Structure formats: C-alpha cells, structure tokens
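Colleague: I am new to this structure and would like a close look at a single part of it. Please take me through that part slowly, in one connected answer.

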Amino acid sequence: QGSVEASANDASSMSFYNSSKKMSLLNNTICVKNIPDTSMFDAVFFAGGFGTMWDFPDNEDIQRIAKDMWEADKIVSGVCHGPCALVNVVLSDGTSLVAGKEVSAFTNAEEDAVSRRAVVPWTCEDKLMEKGAVYVQGDVFGVKVAEAGKLITGQNPPSAKPTAVAICQKLAPTADDIDALRAKIAELEKVSSRLRASIDSPSKRQLLCASWGMFLGRCYCFQKDVSGVEQPGNRFVPKWTHYSEL
C-alpha cells in the first residue's frame, strides 16, 4: 500500500493500478518455477520493492532464468531493488553475471532517505559492488539507467519508465533483422508464385484442399482431365504432390 500511495501522482502507475484488466494479469502471473523453458521470451525484467531483497537473491529458479536468458543473448533487466535478483547469478564459465558491467539499483543514500538501511539484509549498492559490478548512480531519487549490452538496470521508481523505454528500444528490430525478414518474404513469394503457376497451368486443373498446409512438406491435390470428359470410375484421381514440384 505504501508504494501505491507513493505513486499517487504518477499517471502511468495509477493508470495501470486502476485497470482491472492489467491488475488481473498481474494477480495471475506464472510462478517462476513453472517456467522451465525461456526460449519463448525475449527479455526478463525484475521489478523492485523491498520484499525482493528476501525473495529474489537466493531463488534458484530466478538464478536459472537470468542465466539462461543472458547466455541466449537476451535482455536481462530490473529496476530499484529488482537488480538484487542478479547478485548470485553465476554463468556457465563460473563468473558472476554482473562482474565488470555497469549496473544501477537503489542506492545507499536512498535507503537512508527512507530509513531502511538497517532493515534490509544488505544494500543493493554494497552487494553489487562486492560481486564485481561497476555500480553507477544518479542523484537521490533522480533518474538513472545503466546499460551494459543487454543488461539494463534502473536506479529507483522514477527510473522505471526510462528503464522500460531502454528495454523497448533494445527489443526493436535491427537492420539485420529487417533484411532477414525481407529475405524470408522473398522466399515465400517464390513458393507462392509456383503455386499460382500450377493452379493456372493449361495442362491440368488442381483443386487444392483448404487444409493442404504443406503437411510434412507435401500438399494433397485432386486432378481432373482438362477436357472435362468423365473417366469411368476415375473422375477425380487423388495424388500426393510435393510442393516443390508445383
């Protein structure tokens, strides 16, 4: 409730909080232990809050997810106390995920400003530096976002939106992504042209089943004599035709 009150003047936060649809999604999230495969995700974001200081650092599933995402060259991110999720993440080569990388999170000065330094088990600033991170910070409750490749972290609540913007910019397709998509479209257009040429062929008429779908690389076709002359007992002759033959 304290976070809600502190964000009362933040239009974006209140818009989210007052949306029953968005809050329903928030209240029905999937438990991290039930996400064995991260291949379908492009980024992981660890939201903040004081409770994360007890919930995140030693959670093996969080460590696994952060490690798998990072080693798959995907975005690993967090804001405020959220980056505490990364302090115990060890990569396959035995190094700390945050070692040698610029990282931001809730500062010691901000803990003092809200009288919580004696409450939390340790501070993000101290622990991240202990793990070898290049800890960076802005003013107390000022905006600060750190980017180290696909590691994106924000200092505090005011940094949440700028951190989200940085993540979205990183997710935007690159020139190489666009070129690869264009090449794929061109390839599909060639297949489509062969299909159209086959359907319009003067030598045969094919009625393609709506469910052809290139199932196992084949499509099921029906052929009929173009003259329209009935072939006794053989009016429609089913035939399997590989799509590359069309």
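How many disulfides does the count come to, and why is Cys-84 in no disulfide?

Modeller: Please keep in mind that this is a predicted model, and that the count comes to 0 disulfides. Cys-84 is in no disulfide, and the cysteine sulfur nearest to its own, that of Cys-124, lies 5.3 Å away. A disulfide requires the two cysteine sulfur atoms to be within 2.5 Å, so the 5.3 Å between the sulfur of Cys-124 and that of Cys-84, its closest cysteine sulfur, is too far for a bond.

Among the contacts with a separation of 6 or more, 59% are between residues 24 or more positions apart.

Another buried residue is Thr-163, whose relative accessible area is 0%, and its place is in helix 8, which covers residues 160–171. Leaving aside residues up to four places away in sequence, Thr-163 touches Phe-45, Gly-78, Val-79, Val-145, Ile-152, Thr-153 and Gly-154.

Conventions:
Residues are numbered from 1 along each chain as its sequence is written. This is a predicted model: local features need pLDDT of at least 70, side-chain atom pairs count only at pLDDT 80 or more; totals for chains, interfaces and linings use all residues. Side-chain values use heavy atoms; hydrogens and water are left out. Helices (H or I, at least four residues) and strands (E, at least two) are DSSP runs, numbered from the N terminus. Buried means under 20% relative accessible area, exposed over 50%, partly exposed in between (1.4 Å probe, protein chains only). Contact means heavy atoms within 4.5 Å.
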